[in-house]
Amino acid sequence: MTPLLSLRGLGVRIGGVAPVSGVSLDVGRGEVLGLVGESGSGKSLTMRAVLRLLPPAAQVTGQVLWEGQDLTTLPEGGIRKVRGGQIAMVFQEPMTALNPVLPVGLQITESLGEHLGLRGAAARRRAVELLDQVGIPDAARRLGAYPHEFSGGMRQRAMIAIALAAGPKLLLADEPTTALDVTIQDQILKLLLRLKDELDMSVVLVTHDLGVVAGTCDRVAVLYAGRVMETGPTERLFTRPSHAYTLGLLHSLPDAAQARQRLRGIPGVPPDPAALPSGCRFAPRCAYAVAACRLEQPPLVPVAEAQESACLRAADLLAAGREAA
Amino acid sequence: MSDEAVAPPAALRPAATAPRRKQLRLPATGLLGGAILLLFLLCALAPWLIAPYDPLAFDYMAIMQPPSWEHPFGTDNFGRDVLSRTIWAAQVDLQIAVFATLFPAIFGTLAGCLIGYAGGWVDALFRRLVDVIVTIPFVVLVIAIVAVLGPGLLNMYIAISAVGWIIYARLMRSEIIAQKKRDYAAAGRVMGYGRLRIIFRHLLPNAASPLLVYWMTDMSLAILLGSSLGYLGLGAQPPTAEWGVLIADGKNFMTTAWWMSIFPGTAIVLGGMGFSLFGDGLATWLRRRA
């Protein structure tokens, strides 16, 4: 079966720098894919490139195949039908992503009208259903409320309701819980998972929180300096990382079993996209790097069932992991 | 409590706490401005009810009478009642305030929205145009255009509109540029909405409050400009009662009949103040509400 969304060698070039290059990813039907990486690793840019929401100065290379159709060459009218209608997006900041001067209900019915042609009382009824579905109590009365009357969690729920109004097949969630309290985070993630099942959607969850990934995603793609370092099933990646960077990320998590231990962070900082190192982009910070790592960029190759890694030392890492286990 | 005395009746009062209600009310200066405007609006809508005399009727038995109980603002050199003329003039001057700003506000807003959203070379072109136009003083430019078209109210409107929209466009352009970078604008694009829908449904309502406030201020400027042009004989033509025209009529008699110019002049000042105060109050109110 063809994947719902398939990125083929996606690159973004802005001015002289390429913050995203050669990203290949698949999102299957009904799947939750986690897109993990540090700030500036190109997670959000990749998502925006999918919907062609980048500034005009940005050049996109490669292909974005949506059900087999390349979105990068679609005319403006065509991409607008995809946006919102088939692929929806939820942003990090629910405080600013809602229009402050329009009532929430109106922002939902607007999407219903635009994509489904639903207007008037029918649209109102559907909007109440949607608000109800995302867990906003007393939905009918809340239609006329303005975003500032909602709490952060409620706004994110409203945002999700707007995004889901047109019944998209894929939801791109760009750090949807980063701006929220931990308890609310959990509620929103559970909501997303429930809606994914109820509405038969796929979700791409962009985050830098590995804990969130572990709890929600079926599969993970790890991004570093604009390239995919490793992809694989969540369970597999957390127990048998095959890339030195993934291993570094896992090590830098606090471990409840070893409380009060010094955290093992990754030394150094991500490279400046204007001055990328030759060879593997992680090599300068990598404890496992060998001379060959600095010569050329390792390609993403299968290392195990459904697991791909762009690390020359993948085999060693896997072997070491097996010994430790 | 004195606050309660001015609060709306209980039935109209929203179920909110007292400080919030206070916040949502127009500030006192704004209310004063509103009251002045209301008074002038009343004069403009039904001058025949308020004015004691016919503004155009000559009375040769009472020429250049000083203010008295019979003629509170005195009479002019034809024996016309200055109070009645000042009241009737409100009609012309409020009309100037509205008509001289309506087209610039609407057209300037449309242009500013589109230019601000488009950016790029459209914006660069517009900025050059603004640079050129602001080098010429506004009044001088308007007078030049009126001089070409010929005096009269309609030509005055055309002249003010031709120049005035630029200021609105500049204001809206910068507002839209600020708004289009906000997340909700991106969210609108993500939802697959078209450009016009995003600009006018989503960005404009967020950018409208400075526009409203400036519009109010501009109306006061329009009254002053209209009066200036009337005074110079380029705007409203005698015998139409217009504040600027009234002042011009009285200027030759300043030493003997000061009331002919002083009272219409006071009306201009009050009118300008009314719009300014109301605009200011509106700005404060919109800021608090946001």
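The structure is a predicted model.

H8(B) brings Met156(B), Ile160(B), Leu171(B), Met172(B), Glu175(B), Ile176(B), Gln179(B) and Lys180(B) to the contact. From H10(B) come Leu203(B), Asn206(B), Ala207(B), Pro210(B), Leu211(B), Tyr214(B), Ala222(B), Leu225(B), Gly226(B) and Leu229(B). Sorted by class, the residues in this contact of H8(B) with H10(B) are 13 nonpolar, 3 polar and 2 charged.

## Chain B as a whole

Chain B has 12 helices and 0 strands. Read from the N terminus, its elements therefore run α-α-α-α-α-α-α-α-α-α-α-α. Its C-alpha atoms fill a box of roughly 75 × 60 × 25 Å along the principal axes. Chain B has 290 residues, of which 43% count as buried. Among contacts in chain B with a separation of 6 or more, 70% join residues 24 or more positions apart.

## Where the chains touch

Chain A puts 20 residues into the contact between the chains, and chain B puts in 14 residues. On the chain B side, helix H9 (183-190) and helix H10 (195-231) each supply at least two residues. H9(B) gives the most to that side, with 6 residues. The side of chain B that touches chain A comprises 7 nonpolar, 4 polar and 3 charged residues.

## The sheet of chain A

In chain A, 4 strands form an open sheet with antiparallel pairing, in the order S2-S1-S4-S5. S2(A) and S5(A) are the edge strands, and each pairs on one side only.

| Element | Residues |
|---|---|
| Strand S2(A) | residues 17-27 |
| Strand S4(A) | residues 58-66 |
| Strand S5(A) | residues 69-70 |

S4(A) and S5(A) run antiparallel and are joined by 2 bridges. Leu65(A) has Asp70(A), in S5(A), as its bridge partner.

Conventions:
Residues numbered from 1 in each chain as written. Chains lettered and ligands numbered in written order. Predicted model: local features only at pLDDT ≥ 70, side-chain atom pairs only at ≥ 80, totals over all residues. Contact = placed C-beta atoms within 7 Å. Nonpolar A, V, L, I, M, F, W, Y, C, P; charged D, E, K, R; others polar. Pairing = 2+ DSSP bridges. Buried ≥ 20, exposed ≤ 12 C-beta atoms within 10 Å, placed from the backbone.
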